[in-house]
Amino acid sequence: MGTETDKMASIYSVPPTNMAEFIVRINRPSSTELAGIDRAEKYKLLKANSVKRRDEIKAWIKTQGLDAEVFKIEEPTVFNMLFITCTPRVATQLEHADPVVSVSRSPEFSVGLTKR
Amino acid sequence: MHSFIALIKKSKFETMNLETLLVNDKQRSRTDNNTLFPKLTDEFTQKLTEVLIPLGFKRVTTETPMEEDASDDEQLSNFIPLNYLGAYVVNSPNEQKIKEAEKLFDESDYDIISDVQLSLPKPTQSERIYRRRKQINWPTESGVHEAHRNGIIGKGVLVGVLDTGCDADHIQFRRKQIDFRYVPLHYRFKKLRDVRGFDVDGHGTHVCGIIAGQSIGVAPGVDLMVASVIESETYRTSLSRISIALDWMIFEFGTEDNRDKPIIINMSLGFVPELIPKRDRDLLMVGIRELISTLVEDFDVLPIVAIGNDRPGNMCAPEYFPETLSVGAIDSKHKPAPFSGGGFSPISREPQPDIAGYGVNIFSSVGRDRNNRTLYTEMSGTSMAAPYGTEIAALYASVNTNFRRDILRRHLLNTALPLQAPADRVGVGLARFT
């Protein structure tokens, strides 16, 4: 991320109260396109796709002058979603970025485990 | 029980985040300077008393409440002081009282934050700890003993577990190499930690014991990968944590040693969609479904999930997704457990769970005491039925490594023992190895 974001994430362990984590769904190759490729190669391809999309989104955020309102972008995974901690304003704007399919909040949730 | 937190507005004392406050607390101790720090002032306590007592909340105290002899009413209406936050957690007997209190505090110097997600599932079994292993007798119809007698113990199958963790030094796992990662909750540290398997709670250790405990497990020969993604105190997690953990697992699935092995992932976790705000719920469901689809369609994983303990007619997500195999709980006499959830999937309209497993008074590992002695306990829940089902699947997959995802799923369903109970309680019947 840009300098402002890097500085913010290195100083604070939790984001400012006006920010929240959002799920940003991104385009990815379809399962049909990936058919016949072995697991390791699929992992590489999907991960590379997520990294590429992440970089595109980072660049887009910078171009829009929004980087001071972004606390953190989690490391990309093999899945077609990025987790971005930012202001709601950035989240709304992100829906207009090219690689983005949708943006939603990423709430913590309680799980239905059994206690003994 | 519902909870809410009453906080002094931060603007009253400066805008600070939690870490800043804790740092300042140390400074305050040294300098005895109270001005920078929010605290439980008499004024705050008095205000709470004035507002809440007339609403039927019983008392306000700055001491830790919950004396054993407190009446039910008092326990329901307790105030738990959070001195360093200048806040109280207030437990309310019902939502209406919270709404009434919210109105009264709305224009004042206080924030009222509803926190319904703090409620946890009710216990389904009282606690009893054993220091020695009991003789485990999986019923004959399960086919487990017969499989073990024939040397079928799950070898060559990868099983991933998402849970509270696993105590790798429990005697049931000491001869096993558990590939373990901890995914921290908080931002600065939200990276995988490659550490020896631990489990503060015990739930994950219990699940792993059913799966691969050396002498108590259904399939002790499987290769076990465990990711700790659930906080032991709050039982909370997030989609980002789960995806970080699964990303690690998927990477490992592709390594030279693993790339041809069948894979099953056991998830004794789920959430009740109604507890998530509507605005987040739908997209969260889309996110989780895509994550599960990636596992199934791209990496040939069979995800096996507990249907949930919210009683018949209720289910958690992602249990009712068509991509997962959901497991309900029965007792040793084949009766559906009263807590075991079920119903009809809002997506596929098919009855759920898909299948049933033993989930009542299941004996398994739970951790160690301070003298390093291993402990066991009995737990009840669909969290126990799911690993049983997972490992029946692992036994099949170890016999025929071509059994993957849909084929394995179909085989498990086709070989189930039919039960005298409705499909929306036990699915096609009891998972068994034949």
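What is the order of the four strands in the open sheet of chain A? The order is β2-β3-β1-β4, and the pairing is antiparallel. Before going on, this is a predicted model: local features need pLDDT of at least 70, side-chain atom pairs count only at pLDDT 80 or more, and totals for chains, interfaces and linings use all residues. Residues are numbered from 1 along each chain as its sequence is written, while chains are lettered from A and ligands numbered from 1 in the order in which they are written.

Back to that sheet. Strands β2 (70–73) and β4 (100–105) of chain A stand at its edges with a single partner strand each, so one side of each has no neighbour in the sheet. From one strand to the next, the twist averages 25°. When I say strand or helix, I mean a DSSP run numbered from the N terminus: H or I of at least four residues for helices, E of at least two for strands. Two strands pair if DSSP finds at least two bridges between them. Strand β2(A) and strand β3 (residues 81–86) of chain A run antiparallel and are joined by three bridges. A:Lys72 is opposite A:Thr85 in β3(A).

Across β1 (20–26), β2, β3 and β4 of chain A lies helix α3 (residues 39–63), running at about 30° to β3(A). Angles run from 0 to 180 degrees between N-to-C directions, with axes as lines fitted to C-alpha atoms, for helices over the stretch in contact. Contact means that the C-beta atoms of two residues, placed from the backbone, lie within 7 Å.

Chain A as a whole has four helices and five strands, in the pattern α-β-α-α-β-β-α-β-β along the sequence. Of its 116 residues, 44% count as buried. Buried means 20 or more other C-beta atoms within 10 Å of the residue's own, exposed means 12 or fewer, and partly exposed is in between; again the C-beta atoms are placed from the backbone.

Now chain B, starting with strand β10 (residues 263–267). Five of its five residues are buried. B:Ile263, B:Ile265 and B:Met267 are on one side of β10(B), with B:Ile264 and B:Asn266 on the other. Strand β6 (residues 158–163) of chain B pairs with β10(B) in the parallel sense over five bridges, and B:Leu158 stands opposite B:Ile263. Strand β11 (residues 301–306) of chain B also runs parallel to β10(B), joined by five bridges. There, B:Pro303 is the bridge partner of B:Ile265.

Next, helix α9 (residues 382–399) of chain B. Of its 18 residues, 17 are buried. One residue in α9(B) is B:Ala385, which counts as buried because it has 33 C-beta neighbours inside 10 Å. B:Ala385 and B:Gly359 are 26 residues apart in sequence, and their C-alpha atoms are 4.4 Å apart. Leaving aside neighbours within four places in sequence, the contacts of B:Ala385 include B:Ala306, B:Val327 and B:Tyr358.

Last, helix α10 (residues 405–414) of chain B. Which of its residues are buried? They are B:Arg405, B:Leu408, B:Arg409 and B:Leu412. Down the axis of α10(B), the buried residues fall within an arc of 100°, so they line one face of the helix; the arc is that of the directions from the helix axis to the C-beta atoms. B:Asp406, B:Arg410 and B:Asn414, on the other side of α10(B), are exposed.
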